[in-house]
Number of protein chains: 2
Amino acid sequence: MCTECGCGLSGEPAQGGRQSMVHGPEHPHVHSSEAGTGPGSHSQVVPVQRALLEKNQRLAERNRGFFRAKNLLVLNIMSAPGSGKTTFIEATAQALAGRARLGVIVGDLATDNDAARLRAAGIPAIQVSTGTVCHLDAAMVSRAAQQLDLDSLDLLCIENVGNLVCPADFDLGEDLRVVLMSVTEGEDKPLKYPPLFHSAHVAVLTKCDLAAAAGFNRDLALANLRRISHHARIFEVSARTGDGMAAWAEYLLRVRQAPKPDD
Amino acid sequence: MCTECGCGLSGEPAQGGRQSMVHGPEHPHVHSSEAGTGPGSHSQVVPVQRALLEKNQRLAERNRGFFRAKNLLVLNIMSAPGSGKTTFIEATAQALAGRARLGVIVGDLATDNDAARLRAAGIPAIQVSTGTVCHLDAAMVSRAAQQLDLDSLDLLCIENVGNLVCPADFDLGEDLRVVLMSVTEGEDKPLKYPPLFHSAHVAVLTKCDLAAAAGFNRDLALANLRRISHHARIFEVSARTGDGMAAWAEYLLRVRQAPKPDD
């Protein structure tokens with residue numbers, strides 16, 4: 001929630017982002033950047049933000065080095081609330097059974113539900129309770145990772161807080177940023193949340209078994225994904241039926257064997 | 001996104017929130033409040049946050065007074081991305097046709113899609129492009145409202161950015177905070193996002209036509225809603241089939257006629 005984590009510091013939002021805007025030309029609309037100055041304006045906010053993001057980036061690189069030394073493939077799994085992250089992780093563990101061992105760090109504002117579910121399925125899992133903070137950060141991940149036996153794992157899934165905005169800028173030290181989008185959410189989410197979708201290495205359409213019932217337009221969704229998630233590998237799955245999970249598991253095994261980039 | 005709006009200021013999240021946490025007692029978990037101090041820590045962040053929220057609260061009250069003078073019932077409609085806010089607003093306008101005139105302010109990071117859809121359905125609508133900011137605030141709403149002919153309206157729906165975390169603390173000057181939760185998101189969202197659900201005057205279960213296909217546990221969802229959204233009136237609707245929309249429309253007409261509180 002914004003009181004404590006600082007989302008409220010919106011007096012001077014960015015002039016242009018990583019992704020250009022899409023507007024109909026003929027109708028009125030308002031840009032938030034027309035906000036006036038006042039408390040929390042540019043001069044106060046930006047240095048604090050920059051320091052925080054720089055600190056997070058350093059801790060994320062430390063995580064990255066640590067995870068590499070442990071020979072882990074690390075995924076930062078992000079989506080809207082209710083897109084099926086936990087079910088997808090459970091199905092991923094099943095699809096990899098006997099070939100790769102998976103552990104999970106899962107973030108939520110409140111409850112231990114997801115970690116409890118995963119542990120009940122035999123998957124080592126640590127819950128991070130963010131309280132009111134709308135995303136995980138590298139420090140939270142570092143502390144949680146210390147509670148897992150990383151030497152017994154091949155793959156670490158970090159399930160971020162359900163949020164298509166705020167996790168975009170927080171590197172956690174992952175190898176792959178994975179964004180999930182369920183077919184019941186509509187086709188336009190990449191266009192509406194471009195920073196997060198743009199940053200994804202992998203995009204996964206989930207709940208594909210519900211596509212017909214939801215009236216999902218697959219071609220439109222894939223076109224929107226390709227427009228924003230330029231470099232993302234796209235998978236289509238149903239964790240419930242298992243459709244598509246084998247191809248996803250094979251992909252993970254291949255990526256885990258590939259050399260990691262030096263940059 | 002957190003870089004510009006300040007979500008990154010998470011070095012010192014709250015010690016306890018408006019809603020107590022729910023944890024399994026026997027398993028390890030990590031609280032984000034164990035974060036160390038550093039750049040962006042308490043001393044820097046809290047005064048800036050407080051000033052911003054106080055400023056927002058003042059502007060929200062000004063909005064509230066302005067909207068009352070215009071005899072408008074104002075809804076702040078919040079949900080996860082893809083819960084069906086825009087479709088619900090369209091169906092609300094249909095259900096009220098001939099009895100109340102509805103206008104919309106709609107927030108998204110990017111695109112004019114929702115406002116264009118609403119205008120195509122004959123509903124006056126203004127799009128607010130937040131750029132990278134994860135919620136609407138009172139100043140954005142005030143500017144957008146100036147572009148609507150409020151004297152021709154009875155009801156103003158403010159469709160917030162799709163996000164179950166960050167909009168919780170930003171009063172926009174609304175009469176009713178309305179949270180939507182689609183049956184395809186699972187039953188546990190109130191437990192996982194307690195601040196926003198706790199603040200709701202109304203909770204609406206949407207996409208009820210998909211309940212069977214999604215394996216939705218209605219009793220569990222209602223129990224979770226009642227646990228967190230203590231004071232909320234609950235509606236169950238399908239905007240696609242129209243089920244439940246008549247009861248919702250009658251409720252809005254009754255609330256609009258009721259005297260507004262003085263406090």
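Start by selecting Thr86(B), which sits in helix 3 (residues 85-95) of chain B; helices here are DSSP runs of H or I with at least four residues, numbered from the N terminus. This is a predicted model, where local features need pLDDT of at least 70, side-chain atom pairs count only at pLDDT 80 or more, and totals for chains, interfaces and linings use all residues. Residues are numbered from 1 along each chain as its sequence is written, chains are lettered from A and ligands numbered from 1 in written order, and side-chain values use heavy atoms, leaving out hydrogens and water.

Is Thr86(B) buried or exposed? It counts as buried because its relative accessibility is 5% (buried is under 20% relative accessible area, exposed over 50%, partly exposed in between, with a 1.4 Å probe and protein chains only).

Now show the side chain of Asp114(B): a polar contact of 3.2 Å joins it to the side chain of Thr86(B). (A polar contact is a pair of N or O atoms within 3.5 Å; within protein, one must be able to donate a hydrogen and the other to accept it, and residues adjacent in sequence count only if both atoms are side-chain atoms.)

Hop over to chain A and pick Thr87(A), in helix 3 of chain A. Thr87(A) is partly exposed, at 34% relative accessible area. Its side chain makes a polar contact of 2.8 Å with the side chain of Arg117(A). Next, click Thr206(A): its C-alpha atom is 9.8 Å from that of Thr87(A), though the two are 119 residues apart along the chain.

How values were computed
Helix = DSSP H or I, 4+ residues; strand = E, 2+ residues; numbered from the N terminus.
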